[in-house]
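Welcome! Here is a short briefing to read alongside the structure.

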Amino acid sequence: MEKLKQRWGIESNFSIVIILIVFALTGSSSLKIARPLLDYVGFTRELFADDWYFSILYWTVRILIIFPIYQILLVAFGWLFGQFEFFWNFEKKMLSRLGLGFLLK
């Protein structure tokens, strides 16, 4: 816990617990929201043949669609749990490392 507190610049163990809860909720929620959204637009596994390269295509597109949902939910849940500043800075750092930092300027 001390390494996380030092790395993230957090002082209390309670904040770390809240941050870990937000990460868990965000991951689960983004998957739960993505499935009906993808079904609504007609993007289902049944559209693709059973060949391995179609599976890779399906999962690649699915992850690319889930990614923005996750980013939005991360900041939203962070705000709801009172950790907006941490998650906003986390978001900016993550997007800049992925080469998408221009989206936040």
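**How two helices meet**

Helix α3 (residues 52–80) and helix α4 (residues 84–97) have axes that come within 7 Å and cross at roughly 155 degrees. An angle over 145 degrees counts as roughly antiparallel, so α3 and α4 are roughly antiparallel to each other. Keep in mind that this is a predicted model.

**The contact of α3 with α4**

- The crossing of these two helices, α3 and α4, is left-handed.
- On the α3 side, the contact is made by F67, Q71, L74, V75, G78 and W79.
- From α4 come F84, F87, W88, F90, E91, M94 and L95.
- Sorted by type, the residues of this contact are ten nonpolar, two polar and one charged.

- Helix α2 covers residues 13–40.
- With 28 residues at 1.5 Å a residue, α2 should span 40 Å, and its end C-alpha atoms are 41 Å apart, which agrees.
- The buried residues of α2 are S15, I16, I18, I19, V22, F23, T26, S29, S30, A34 and L38.
- These buried residues of α2 pack against α1 (2–8), α3 and α4.
- Just after α2, you will find G42 with a positive phi of about 90 degrees.

**A closer look at S29**

- Why does S29 count as buried? Its relative accessible area is 18%, and buried means under 20%.
- Leaving aside residues up to four places away in sequence, S29 touches L73 and F77.

Methods: Residues numbered from 1 in each chain as written. Predicted model: local features only at pLDDT ≥ 70, side-chain atom pairs only at ≥ 80, totals over all residues. Heavy atoms only, no water. Helix = DSSP H or I, 4+ residues; strand = E, 2+ residues; numbered from the N terminus. Buried < 20%, exposed > 50% of the residue type's maximum accessible area, 1.4 Å probe, protein only. Contact = heavy atoms within 4.5 Å. Axes fitted to C-alpha atoms, helices over the stretch in contact; angles between N-to-C directions. Parallel < 35°, antiparallel > 145°, perpendicular 65-115°, else oblique. Left-handed = near helix turned anticlockwise from the far one by under 90°. Nonpolar A, V, L, I, M, F, W, Y, C, P; charged D, E, K, R; others polar. Expected span 1.5 Å × (residues − 1).
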